[in-house]
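Me: Hey, can you walk me through this one? I'm new to reading structures.

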Amino acid sequence: MSLKDDLMYPFGNPFKARVQQHETITALNNVLKLAKDKLRNANGEMEEILLSGGGGSTADDQIAKQSVELVEELLSYIDAKEERT
């Protein structure tokens with residue numbers, strides 16, 4: 001950690017810990033893939049499968065929903081709004 005981080009977060013940076021969680025990174029990657037798939041779909045190309053899915057469209061839909069919810073929670077956390085537990 002830098003001196004600035006040590007002074008701002010003497011007990012560790014909670015934001016950094018939350019962003020570095022595997023679930024958060026996976027969700028951010030999935031939301032990025034969803035946006036890219038939307039662009040591919042608009043151009044008439046095939047879609048890709050999401051990272052944590054087994055294949056079927058219902059599984060992909062559930063993973064997409066979870067990823068979007070997690071990214072929304074992260075954005076709320078960043079904006080210092082209400083945090084869901």
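Me: Let's start with Ser-67: which residues is it in contact with, leaving aside neighbours within four places in sequence?
Reply: Ser-67 is in contact with Ala-27, Asn-30 and Val-31. Contact here means heavy atoms within 4.5 Å.

Me: Where do these numbers come from?
Reply: This is a predicted model, where local features need pLDDT of at least 70 and side-chain atom pairs count only at pLDDT 80 or more, while totals for chains, interfaces and linings use all residues. Residues are numbered from 1 along each chain as its sequence is written, and side-chain values use heavy atoms, with hydrogens and water left out.

Me: Ok. Is Ser-67 buried or exposed?
Reply: Buried, with a relative accessible area of 5%. Buried means under 20% relative accessible area, exposed over 50%, and partly exposed in between (1.4 Å probe, protein chains only).

Me: And which helix is Ser-67 found in?
Reply: Helix 4, residues 57-78. Helices are DSSP runs of H or I with at least four residues, strands are E runs of at least two, and both are numbered from the N terminus.

Me: How many helices and strands does the protein chain have?
Reply: Four helices and zero strands.

Me: New topic: how many salt bridges are there?
Reply: One. A salt bridge is a side-chain nitrogen of Lys or Arg within 4 Å of a carboxyl oxygen of Asp or Glu. Asp-37 forms it with Arg-40, and their closest N and O atoms are 2.8 Å apart.

Me: Where do those two sit?
Reply: Asp-37 and Arg-40 are three residues apart in helix 3 (residues 22-42), so about one helical turn separates them. Asp-37 also counts as buried, at 6% relative accessibility.
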